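Here is a friendly walk through one model, strand by strand and ring by ring. Please keep the sequence and the 3D view open as you read.

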Amino acid sequence: MTMQPKLKSRVRCTDREIGEVTKVVVDPLSHEISHIVVSMNGSGERQVAMGHVQAVTDSLVELRAPSSDILALPPFKRDDYVTTHEVEIAHLEEKVHVTPGEVLVPFPELEKSVKRRTFFMNFTHAIGFLIGLPIAFPILRYLMKPMYQPFDNGWLKIGNVGKIKQDDIGVQFKYKKKVKEAYMPESEIEKNVWILKATPAVLEKVYQGKDMEFRDAAGKTVWTNKKDMPYVAFSGKCPHLGCGYKWRQHKVLGQVFLCPCHLSIYDAAGKVLDGPAPRPLDALPIKVSAGGDVEIIDMEFKAGTKSQIRII
Ligand code: FES
């Protein structure tokens, strides 16, 4: 493995030493260091792309450019980044071997017009929620699931739509599901979906004018969501890496779904507005009885992929 730049390492250009590494910028998806921030011995800080780095040794980072090139870079803009203390990046520590200190990730693109400090305040009650631990993605379950086990396409009754008071507002429905893993006693896990009563405009965004079909492992259709049925259910897991997300009021964007793990933001139709999510929220089969009882089929899809691959 090539060595990674460390905080406080000295930085040398082709002609002379110019300062030291004060921060590193990490790509939240690849977990690779994309830039180092160099404090230039009294001339401010510059953000230097890793492409400029020639070699890294224990205490020295050598650049392949003369100091004049680095000085000519625009000053480092701290407000474009958030620290990894503010956002939790799953598995970052295992991948990036920097001395603990200031590790930054790019501030979400859409928020750049908003002051850094107000970003978190833009979400009502977001702070406690953001520092809460993300829900671990239950990988073990998938590892233990025998490949040939058919998907469970049974309907689960999860509540009544009477609790939805407004259109286009995400309302969380929690439910318990019995799971039986190989070699383990049967247990119950708590899961959730987000349901909204969608206006025609939002329905159009979700279904794009077409009914939505759901299939079993053999590719046979098990259910079709009609494009004009106003209730939409989204799986409670963020398609990025499976964290639980919430419905939040955002001062600039209005009401959105926010995933705290890597700050993916989705609109009411589940479309990605910002962040690393590779696809929209996963809509689930839903039916609502005349009395308002809601039933869903509890499906899960692989996290981190652009296309939807059913795993449960
Ligand atoms: S799990 Fe990464 S943004 Fe949701």
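Strand β2 (residues 17-26) is mostly covered, with seven of its 10 residues buried. Buried here means under 20% relative accessible area, while exposed means over 50% and partly exposed lies in between (1.4 Å probe, protein chains only). Strands are DSSP runs of E with at least two residues, numbered from the N terminus. This is a predicted model, in which local features need pLDDT of at least 70, side-chain atom pairs count only at pLDDT 80 or more, and totals for chains, interfaces and linings use all residues. Residues are numbered from 1 along each chain as its sequence is written, and side-chain values use heavy atoms, with hydrogens and water left out.

What does β2 pair with? Strand β1 (residues 10-12) joins β2 in the antiparallel sense over three bridges, and two strands count as paired if DSSP finds at least two bridges between them. R12 stands opposite E17 in β2, and the two strands form a hairpin with four residues between them. β2 also pairs with strand β3 (residues 33-39), again antiparallel, over six bridges. There, I36 in β3 is the bridge partner of V24.

Now to the open sheets. Four strands line up in the order β15-β16-β17-β18, with antiparallel pairing. β15 (246-250) and β18 (272-274) stand at the edges with a single partner strand each, so one side of each has no neighbour in the sheet. The twist from one strand to the next averages 45°, based on axes that are lines fitted to C-alpha atoms, with angles from 0 to 180 degrees between N-to-C directions. Five bridges connect β15 with strand β16 (residues 254-259) in the antiparallel sense, and Q249 stands opposite Q255 in β16.

Another open sheet has three strands in the order β9-β21-β20, with antiparallel pairing. Its edges are β9 (155-160) and β20 (286-288), each with a single partner strand, so one side of each is left without a neighbour in the sheet. Neighbouring strands here are turned by 25° against each other on average, direction ignored. β20 and strand β21 (residues 293-297) run antiparallel and are joined by three bridges, with K287 opposite E295 in β21.

How many aromatic pairs does the structure hold? There are seven. Rings of Phe, Tyr and Trp (its six-membered ring) pair if their centres lie within 6.5 Å; planes under 30 degrees apart count as stacked, over 60 as edge-to-face and the rest as tilted.

| Pair | Centre to centre | Angle between planes |
|---|---|---|
| F234 and F257 | 6.0 Å | 80° |
| W247 and F257 | 4.6 Å | 65° |

F234 lies in strand β14 (residues 231-235) and F257 in strand β16, 23 residues apart. W247 belongs to strand β15, so its pair with F257 ties together parts that are 10 residues apart in sequence. F257 is buried at a relative accessible area of 0%, and W247 is buried at 11%. Ring pairs link W194, F234, Y245, W247, F257 and Y266 into a cluster.

Elsewhere, the charged end of K163 sits over the ring of F173, 4.4 Å from its centre. That label asks for NZ of Lys or CZ of Arg within 6 Å of the ring centre and within 35 degrees of the ring normal.

Finally, the cysteines. A search of the whole structure finds zero disulfides, meaning pairs of cysteine sulfur atoms within 2.5 Å. C13 is buried at 5% relative accessible area, and C259 is buried at 2%.
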